[in-house]
Amino acid sequence: MKTKLRIASILEANSLDFPITGFQTFDLSALNLATDLDFQLPTNVRLGHLAEKVVSELIKSSTNFKVLYENVQIIEDKKTIGEIDFIIENKITKQITHIELAYKFYLFDPNISSEPLNNWIGPNRNDSLKEKLEKLKTKQFPLLYHNCAKPQFDTIEIDGVSQALCLLVSLFIPYEHKASFNPIYEKAIKGYYLNIETFISHDNPGKTYYIPSKKEWGMEPSENKIWTDFNGIEKHISTSIKEKQAILCWQKYKNSYFSFFIVWW
């Protein structure tokens, strides 16, 4: 994996802001960073942990923030009840902030409800934006004030810590969907989704494809150098759909690049 491209993809990812989430937003653009950053990334972690590692290194590389704590497990009766992602300090203002980070891919299913917030779901329909926000509200942010958390953060005054969410999302809408979206959603829309029948019906000899690994999700398709025709990905896609696993696909057609999910549902 090309680490500079992975780092850039996190830095350039869109975050959902307060009007949608109800939480103060920590935007990575607040970090004062050198250009052309590069650092080692782990190869044996899942996508969410990879994003956490990138953000951790970005904060540490900035001139205006420092990490005080990260990935602190909160333990009660010898059982882990949760984890605090980051507690950082602004070097200039000395403000200390508890940040929860998430790097998510959501698809819009207009058939769920008339309320857009309820309609953003994971590619395999087993999680949702609404559920994530509810968990943040009821579990993850309150964890800072849990009695078992206080001994972990004995160098800071908990009551003076602010809290913020860094929710980086890539959103996908139904193929040829015409409805308009709140601008906060609109800026995060990266592509569309369709079923395998629709995908096959739109294939033609001018199109080439690449199936990114999960760790490549969110990266820029135009930077990819390896492409194949439909025959080169057909078996991979068919297997995923049979196993009820939505699959992300990149497409190159003439001078244009597209990112889309092929879903089983």
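**Exercise 1.** Locate D229 in this predicted model and state whether D229 is buried, partly exposed or exposed.

*Solution.* Step 1: D229 belongs to the loop that runs between β8 (207–210) and α7 (230–242). Step 2: the relative accessibility of D229 is 41%, so D229 is classed as partly exposed, since that class lies between 20% and 50%. Step 3: apart from residues up to four places away in sequence, D229 touches K207 and Y209. Step 4: Y257, 28 residues from D229 in sequence, has its C-alpha 14 Å from that of D229.

**Exercise 2.** Determine which side chain forms a polar contact with that of T97, and describe the surroundings of T97.

*Solution.* Step 1: T97 is part of strand β4 (residues 96–108). Step 2: with a relative accessible area of 9%, T97 is buried. Step 3: the side chain of T97 makes a polar contact of 3.0 Å with the side chain of S162. Step 4: beyond neighbours within four places in sequence, the contacts of T97 include F86, I87 and I88, as well as V161, S162, Q163 and A164.

**Exercise 3.** Identify the salt-bridge partner of D17 and explain what the pair ties together.

*Solution.* Step 1: D17 and K187 form a salt bridge through their side chains, at 3.2 Å from N to O. Step 2: D17 sits in the loop between β1 and α2 (18–21), whereas K187 sits in the loop between α5 (183–186) and β7, so the bridge ties together parts 170 residues apart in sequence. Step 3: both partners are partly exposed, D17 at 21% relative accessibility and K187 at 38%. Step 4: K187 is also among the contacts of S15, a residue of strand β1 (residues 14–15) that is buried at 4% relative accessible area.

**Exercise 4.** Describe the placement of two further salt bridges, K53 with E57 and K66 with E89.

*Solution.* Step 1: the K53–E57 bridge has an N to O distance of 3.0 Å. Step 2: these two residues are four apart in helix α3 (residues 47–61), which means that about one helical turn separates K53 and E57. Step 3: K53 is partly exposed at 31%, while E57 is buried at 17%. Step 4: the K66–E89 bridge has an N to O distance of 3.5 Å. Step 5: K66 is in strand β2 (residues 65–76) and E89 in strand β3 (residues 79–90), so this pair ties together parts 23 residues apart in sequence. Step 6: K66 is partly exposed at 37%, and E89 is buried at 13%.

Technical notes
Residues are numbered from 1 along each chain as its sequence is written. This is a predicted model: local features need pLDDT of at least 70, side-chain atom pairs count only at pLDDT 80 or more; totals for chains, interfaces and linings use all residues. Side-chain values use heavy atoms; hydrogens and water are left out. Buried means under 20% relative accessible area, exposed over 50%, partly exposed in between (1.4 Å probe, protein chains only). Contact means heavy atoms within 4.5 Å. A polar contact is a pair of N or O atoms within 3.5 Å; within protein, one must be able to donate a hydrogen and the other to accept it, and residues adjacent in sequence count only if both atoms are side-chain atoms. A salt bridge is a side-chain nitrogen of Lys or Arg within 4 Å of a carboxyl oxygen of Asp or Glu.
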